[in-house]
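Biologist: I would like to learn how to read cavities, pockets and an annotated site in a model. Could you take me through them one at a time?

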Amino acid sequence: MKLVVGKINIKAVVLDDEEKIEGSTLHINKQNIIDLVLADDRLADCDIEIAKPGDSTRITPVKDVIEPRCKVDSESGIFPGVINKVNLVGSGRTHVLKGCGVMTVGKIVGFQEGIVDMQGPGAELTPFSKLIEICLKLKPKDGLDPHQYEEAARLAGLKSADYIGKLGEKVEPDEVETFETLPLLEQIGKYPHLPKVGYVYMLQSQGLLHDSYVYGADAKHLVPTTMYPTEMMDGAIISGNCVSACDKNTTYHHLNNPVISDLYKQHGKEINFVGVIITNETVYLQDKVRSSDFVAKLAEYMGLDGVIISQEGFGNPDTDLIMNCKKIEEKGIKTVVVTDEYAGRDGASQSLADADKRADAAVTGGNANEVITLPKLDKVIGQLDYVDDIAGGFDGSLREDGTIKVEIQAITGATNELGFNKMSAQEV
Amino acid sequence: MTKKFRLVHYINQFYAGIGGEDKADVKPFAKDGVVGPGMAFKNALGDDSEIVGTVVCGDTYFNENLESAQKEVLAMIKQYEPDLVIAGPAFNAGRYGMACGAVATEVMAQLHIPAVTGMYEENPGLDMYRKDAYIVATRNSAIGMRKAVPVMAKLALKLLHGEEVSPDADHYFVRHRKNFTAEKRGSARAVDMLVKKLKGEDFKTEYPMPAFDNVEPAPALKDLSKAKIALVTSGGIVPKGNPDHIESSSASKYGSYDISDVKTLTEETYETAHGGYDPAYANENPNRVLPLDVIRDAQAAGEIGSLHDHFYATVGNGTSVANAKKYASEIAEKLRADGVDAVILTST
């Protein structure tokens with residue numbers, strides 16, 4: 001599969017009557033997006049606000065962030081099986097609006113929506129402070145079941161990103177990049193002397209607000225399977241979950257998976273990147289055993305020499321991570337795992353809920369229990385009254401002077417386990 | 001000549017030359033300049049620092065009067081206005097290790113200056129105080145003094161000069177983990193690590209896997225109909241309104257709640273505080289997580305002897321293993337004191 005990705009750099013977003021991209025300015029019509037969102041009668045209200053990098057703005061509770069993209073001259077659309085036809089994606093041409101994101105914000109669903117600060121120490125911990133955020137402030141109908149609300153909010157974000165992304169279809173991109181992975185035997189034949197490397201992509205799928213979707217299919221019902229790396233770039237995988245904000249993979253992360261892009265950087269040089277194995281993180285032991293057995297079997301079947309395994313979430317999924325790692329290593333295939341840590345606020349506790357000596361190569365996104373004090377910011381998009389209750393908050397997190405003391409767990413994307421950030425943790 | 005760094009050395013009665021076990025109740029006192037092993041440190045430290053005073057305390061006195069002794073020792077150290085404190089080394093002497101660890105920890109917490117001590121890996125003071133104090137690895141007896149002194153002195157000098165230190169390079173036990181910003185993003189570090197691993201080159205994991213603690217299940221009860229059963233959960237079931245404010249993740253506490261007059265848990269009276277799963281079904285019927293309804297049935301049917309009048313609850317989500325262990329051992333002690341024979345422990 002070969003995908004040409006055209007990047008259109010967006011440096012300003014303005015609310016306007018006309019919808020267009022002119023130079024590096026994105027013009028969007030607020031009412032058109034609101035109408036699109038409110039076509040879902042489960043939502044009572046929607047408003048749009050723009051937050052820019054450096055603004056004295058705090059956005060919370062943040063549910064998902066989505067990068068606007070579109071397929072060019074294609075029957076297919078992004079997020080197949082969810083808001084577009086379930087066509088196979090990952091080939092042809094895709095245009096991306098770089099530098100902006102659609103962010104869904106609104107009354108909390110569970111406990112696990114996050115905080116994004118556009119300025120200050122909190123901003124340094126989240127990649128989303130570097131984007132111009134088009135915030136959809138959503139309000140559910142009174143009495144709406146939380147699961148229905150979660151789904152409505154999820155679809156509102158995806159539909160808006162799809163709608164905005166289409167403004168880029170006819171625009172000449174600033175930069176064009178091509179990614180290609182051949183069918184397995186051909187790909188292996190192309191670089192016969194390089195080690196064959198795969199990527200084991202673990203998807204949060206514990207259910208009950210912890211779901212991911214693959215071409216619209218609920219990941220908890222999948223058996224592990226293989227995918228071309230380019231499929232992710234067209235939205236084949238989306239987030240539908242509210243795990244702790246720091247280490248949930250938003251849809252933006254899935255679209256811009258850094259493991260995939262960094263493996264491609266070494267593709268044909270140090271390694272032969274032959275493909276992706278997707279798997280789930282389930283709650284029943286039988287499912288964990290089956291999925292990890294299948295992952296190891298597929299890695300062996302593809303003739304891999306090495307894999308990177310990324311995790312999503314923590315605690316229970318630590319067992320999936322370790323089972324995958326152990327079983328793959330037992331096949332004689334070398335592994336590197338990417339995770340994050342819950343080492344306590346003092347950093348002195350054991351970091352993971354499971355361990356194995358074969359997991360001898362680990363990359364960490366940092367200790368999510370570390371505490372940070374966020375200064376008061378001038379503007380709030382969303383609402384602050386849930387700050388004490390969200391994962392990472394505690395009694396008294398929101399203080400009278402407007403500052404917030406929380407574990408970095410509460411900050412969206414802070415300890416991402418795809419290795420999206422530069423943060424790590426070390427022994428001192 | 002520039003100003004010399006000021007150091008204080010803490011030692012016990014034995015190293016001060018006062019005596020052994022029979023003199024271990026010596027009260028703390030301070031003496032200007034070096035005493036005993038302080039001379040070796042003085043030589044190893046070199047010219048830009050000076051041990052301005054030594055504080056001595058008997059090991060028995062320190063450990064039996066922990067709080068007051070700690071205060072007295074700290075006050076004596078403080079009067080010298082030091083830049084750094086060296087304690088011990090204690091090798092494998094347990095009570096000396098506890099004292100050195102406590103002194104080093106308090107110095108760092110209250111005087112905001114670094115403190116260096118030394119212990120053998122099995123010294124009980126290590127586990128107790130390692131997370132803050134710089135504890136250099138030593139041999140198990142005073143034979144190790146000659147080797148320990150230069151390592152401790154070198155670490156002390158680095159800390160005085162504000163240089164970066166690490167457990168690997170400076171031979172002290174890992175204190176804790178701390179976040180930092182690496183040069184490359186995590187995914188690029190992972191690819192680099194994999195390439196090295198594939199080539200058989202040296203690589204360094206960012207998280208060395210710990211040895212894991214497995215618990216053997218206890219033997220089965222012989223007669224359930226006479227057993228006193230308790231309910232304990234990490235699923236976050238609490239009285240409605242979460243009176244103890246147990247956190248939705250990374251719980252800093254657990255709660256204990258009287259259920260002597262409660263037959264079943266309802267949506268109106270109980271809820272979950274847990275943030276790691278969808279709370280909708282647990283809130284609708286909290287018995288799904290804490291099975292009070294069925295245990296009451298079993299009690300009525302005479303299948304169990306009795307149900308303990310309190311249940312214990314915390315939130316397992318994102319809670320560190322160290323805290324979980326602490327809560328578990330406290331809860332277990334209380335249950336044992338209350339004559340509980342077995343526990344139904346529900347997780348989520």
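## Reading a pocket, a cavity and a site

Modeller: The lining of the second largest pocket divides into 13 nonpolar, twelve polar and twelve charged residues. Keep in mind that this is a predicted model.

Biologist: What volume does the second largest pocket have?

Modeller: About 1,000 Å³. Of the 37 residues that line the second largest pocket, those closest to its centre are Gly347(A), Ala348(A), Ser349(A), Gln350(A) and Ala322(B).

Biologist: Which element supplies the largest share of the lining of that second largest pocket?

Modeller: Helix 11 of chain B does, with six residues. Helix 11 spans 321-337, and both it and helix 5 (124-129) of chain B supply at least two residues of the lining.

Biologist: How do I place this second largest pocket relative to the domains of chain B?

Modeller: Look at which domains give residues to the lining. In chain B, domain 1 (5-170) and domain 2 (224-346) both do, so the second largest pocket lies between them. The centres of domain 1 and domain 2 of chain B, taken over C-alpha atoms, are 45 Å apart.

Biologist: Which residues line the largest cavity?

Modeller: The lining is made by Lys63(A), Asp64(A), Thr104(A), Val109(A), Glu150(A), Ala153(A), Arg154(A), Ser239(A), Gly240(A), Asn241(A), Cys242(A) and Lys248(A). Sorted by class, the lining of the largest cavity has five charged, four polar and three nonpolar residues.

Biologist: Which residue does UniProt list for "active site"?

Modeller: The UniProt record, an unreviewed entry, lists Cys242(A). An annotation of this kind may be inferred rather than shown by experiment. Cys242(A) is also among the residues that line the largest cavity.

Biologist: Where along chain A is the place of Cys242(A)?

Modeller: Cys242(A) sits in the loop between strand 17 (237-241) and helix 5 (251-255) of chain A.

Biologist: Is Cys242(A) buried or exposed?

Modeller: Read the relative accessibility against the cut-off: under 20% is buried. Cys242(A) has 4% relative accessibility, so Cys242(A) counts as buried.

Methods. Residues numbered from 1 in each chain as written. Chains lettered and ligands numbered in written order. Predicted model: local features only at pLDDT ≥ 70, side-chain atom pairs only at ≥ 80, totals over all residues. Heavy atoms only, no water. Helix = DSSP H or I, 4+ residues; strand = E, 2+ residues; numbered from the N terminus. Buried < 20%, exposed > 50% of the residue type's maximum accessible area, 1.4 Å probe, protein only. Domains from an automatic or database assignment. 1 Å grid on protein atoms, 1.4 Å probe; cavity = no way out; pocket = protein on both sides within 12 Å on 5 of 7 lines; lining within 4 Å. Nonpolar A, V, L, I, M, F, W, Y, C, P; charged D, E, K, R; others polar. Points joined across faces, edges and corners; volume = space filled by probe spheres on them.
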